[in-house]
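Here is a short briefing on a protein chain. Look at the sequence and the structure first, then read the points below.

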Amino acid sequence: AGGASNASLRWHILRRALLSRSASPHASEGTSNEPQEKVPISQLNKSQGGSLNGNENGVECQRDVYVCYKLPCGGSPELNVIYRRDDSLELNDIEASNRFNIDTTGLVCCWPSEEVLAFYCINRSDMFRSKRVLELGAGYGLAGLVIAASANAGEVVISDGNPQVVGYIQQNISINAETFGQTKVKPMTLHWDQEQASDMLNSFDIIVASDCTFFKQFHQSLARTVKSLLKHSETSQAIFLSPKRGDSLNKFLDIIKEYDLCYELIENYDPTVWNLHRSYVAGDDTSWPNYNEEHCYPLLVRITFGHFV
């Protein structure tokens, strides 16, 4: 699973899709509708089930798989998350990205930073209690789903700018609805370049996002979105997890300051994540081939309207 999480391998998947124009929908022999294994999210790991053969939610069977997470919290709730198969990204997905100025990386896979964000949030579930929470650039929405399932939040909005991705978010909300208790959970197509609805302005207590700072052309609109949607209060904050990826994270932090927002950059924010990171760097754990700190290890950025003490 660590190898499957390697960022360089995932970009290789994208390259294969472009070269072949369309991945074969019959590439895998697996056809089971049952998840093969349940893996605690505390291991920062996941186990991929077989192909989906269709269900009442209208999932396109041959290119989709799902993963079952057993969450390490009271009652050990389980989340089933539907993903595209690693070999199923098609050229028309890229063409749609160019045509509508949307990001297609959310279709490629569930990125490592999203899994770390989910782990971070579940271990700090009290901070979300009764709060209105927004996940930006959510991809398949794992972190938002984890918050909704474990934190007794008032409302969780899971958003992405790509309507195809939001379709998967809707599927994942639907199949896990019984796990959310009284928490309201909804998907949303939210394009950072567009004006947001008036009822959303400065209305979210907490905004979370993972690996959303890589593309520098989106920095301005992302910072503007955070400032316009985050509630003006002493306790409101945005929590970003992003690798450095060259100078992209630093460039985004410069933009944050231009918008009169304050930030705190934290390298060691969780002992489990930090120890895994050190094991990868030292080569003691070889389950993630070609692990690169700048491109793989997500730093924590806390963004607020006020100053940190």
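Helix α7 crosses helix α8 in a right-handed sense. The model shown is a predicted one.

**Helices α7 and α8**

- Helix α7 spans residues 219-229, and helix α8 spans residues 248-258.
- Their axes lie 9 Å apart and meet at an angle of about 50 degrees.
- The two helices therefore count as oblique to each other.
- On the α7 side, the contact is made by H219, Q220, L222 and A223.
- On the α8 side, S248, K251, F252, I255, I256 and E258 take part.
- By type, the residues of this contact are 5 nonpolar, 3 polar and 2 charged.

**Helices α4 and α5**

- Helix α4 covers residues 112-122, and helix α5 covers residues 142-150.
- How are these two helices placed? The angle between α4 and α5 is about 15 degrees, and their axes are 8 Å apart.
- Angles under 35 degrees count as roughly parallel, so α4 is roughly parallel to α5.
- The crossing of α4 past α5 is right-handed.
- Helix α4 brings E114, E115, L117, A118, C121 and I122 to the contact.
- Helix α5 brings L142, A143, V146, I147 and S150.
- The residues in the contact of α4 with α5 divide into 8 nonpolar, 1 polar and 2 charged.

**Residue V165**

- V165 sits in helix α6, which runs over residues 163-175.
- Is V165 buried or exposed? Its relative accessibility is 0%, so V165 counts as buried.
- Setting aside residues up to four places away in sequence, V165 touches G106, L107, G139, Y140 and D160.
- V165 and G137 are 28 residues apart in sequence. In space, their C-alpha atoms are 9.4 Å apart.

**Residue T304**

- T304 belongs to strand β11, residues 299-304.
- The relative accessibility of T304 is 9%. Buried means under 20%, so T304 counts as buried.
- Which backbone atom does the side chain of T304 reach? The side chain reaches the backbone oxygen of G306, at 2.7 Å.
- T304 is also in contact with S236, Q237, L261 and C262, leaving aside neighbours within four places in sequence.

Key:
Residues numbered from 1 in each chain as written. Predicted model: local features only at pLDDT ≥ 70, side-chain atom pairs only at ≥ 80, totals over all residues. Heavy atoms only, no water. Helix = DSSP H or I, 4+ residues; strand = E, 2+ residues; numbered from the N terminus. Buried < 20%, exposed > 50% of the residue type's maximum accessible area, 1.4 Å probe, protein only. Contact = heavy atoms within 4.5 Å. Polar contact = N/O pair within 3.5 Å; in protein donor to acceptor, adjacent residues only side chain to side chain. Axes fitted to C-alpha atoms, helices over the stretch in contact; angles between N-to-C directions. Parallel < 35°, antiparallel > 145°, perpendicular 65-115°, else oblique. Left-handed = near helix turned anticlockwise from the far one by under 90°. Nonpolar A, V, L, I, M, F, W, Y, C, P; charged D, E, K, R; others polar.
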